[in-house]
Amino acid sequence: MATDYRSDSSSASSVDRIHAPVPTRPRLPSRKSSGTMIIHRDSVDAGPVDLPLGPDDVRSMSPRRTSEDIETLGKAARQELQRHAKALQDSLLILFDRIEAVKEEHDKLDNNNKFLQKYIGDLMTTSKFTTTGTKAKK
């Protein structure tokens, strides 16, 4: 019975496909051929074409830099980079000096701390002798 059901469902789906509208692809607009791009070297059409540009045309407002302008900009950029590098080196030297000063202060405080610990230890040792000595006298 299951096989009959499958055959019924497959025949129903094939009927649906037959009556369903077939999608069609829209037609592409036709374009005129651009022709060949090869031009003989002696042709008048070869070479740059000067287009008349109006005053409001973006291409006419584009800045054109000469090699001197580029060299000037390059020198300015190099000088700025050198100033920045010098400032970074100076700040690094300041940080290094500060680290050295803090290190020296730390060493001095560490030595003072060790001295105080030894002093307190000696006091505790002598106080044990004096307290045991006074108890013995009583």
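The model is a predicted one, in which local features need pLDDT of at least 70 and side-chain atom pairs count only at pLDDT 80 or more, while totals for chains, interfaces and linings use all residues. Residues are numbered from 1 along each chain as its sequence is written, and side-chain values use heavy atoms, with hydrogens and water left out.

As for the overall layout, the chain has three helices and zero strands, with its elements running α-α-α from the N terminus on. Helices here are DSSP runs (H or I, at least four residues), as are strands (E, at least two), and both are numbered from the N terminus. Of the 138 residues of the chain, 0% count as buried. The accessible surface of the chain comes to about 14,200 Å², and carbon and sulfur atoms account for 60% of that; such areas come from the Shrake-Rupley method with a 1.4 Å probe, and for residues only the protein chains shown count as cover.

Helix H3 covers residues 67-137, Glu104 among them. Glu104 also belongs to a negative surface patch, together with Asp97, Glu100 and Asp107. Patches take in residues with over 30% relative accessible area and no salt bridge, joining like charges within 9 Å and nonpolar side chains (Val, Leu, Ile, Met, Phe, Trp, Tyr) within 5 Å. Asp and Glu count as negative and Lys and Arg as positive, with His and the chain ends not counted; each charge is placed at NZ of Lys, CZ of Arg, CG of Asp or CD of Glu.

A nonpolar patch turns up as well: Phe115, Leu116, Tyr119, Ile120, Leu123 and Met124 make a surface of about 640 Å². Ile120, for its part, sits in helix H3.

Then come the charge pairs. Side chains of opposite charge can pair when their charged atoms come close. The structure holds four salt bridges, each being a side-chain nitrogen of Lys or Arg within 4 Å of a carboxyl oxygen of Asp or Glu. One of them links Glu80 to Arg83, with the closest N and O atoms 2.8 Å apart. Both residues lie in helix H3, three residues apart, or about one turn of the helix. Glu80 is partly exposed, at a relative accessible area of 44%.

Another joins Asp90 and Lys86, whose closest N and O atoms are 3.3 Å apart. Because Asp90 and Lys86 are four residues apart in helix H3, about one helical turn separates them. Asp90 is partly exposed, with 32% relative accessible area, and Lys86 also counts as partly exposed, at 47% relative accessibility.

Lys118 pairs with Asp122, the closest N and O atoms being 3.5 Å apart. Lys118 is exposed, with a relative accessible area of 57%, whereas Asp122 is partly exposed at 39%.

How values were computed:
Buried means under 20% relative accessible area, exposed over 50%, partly exposed in between (1.4 Å probe, protein chains only).
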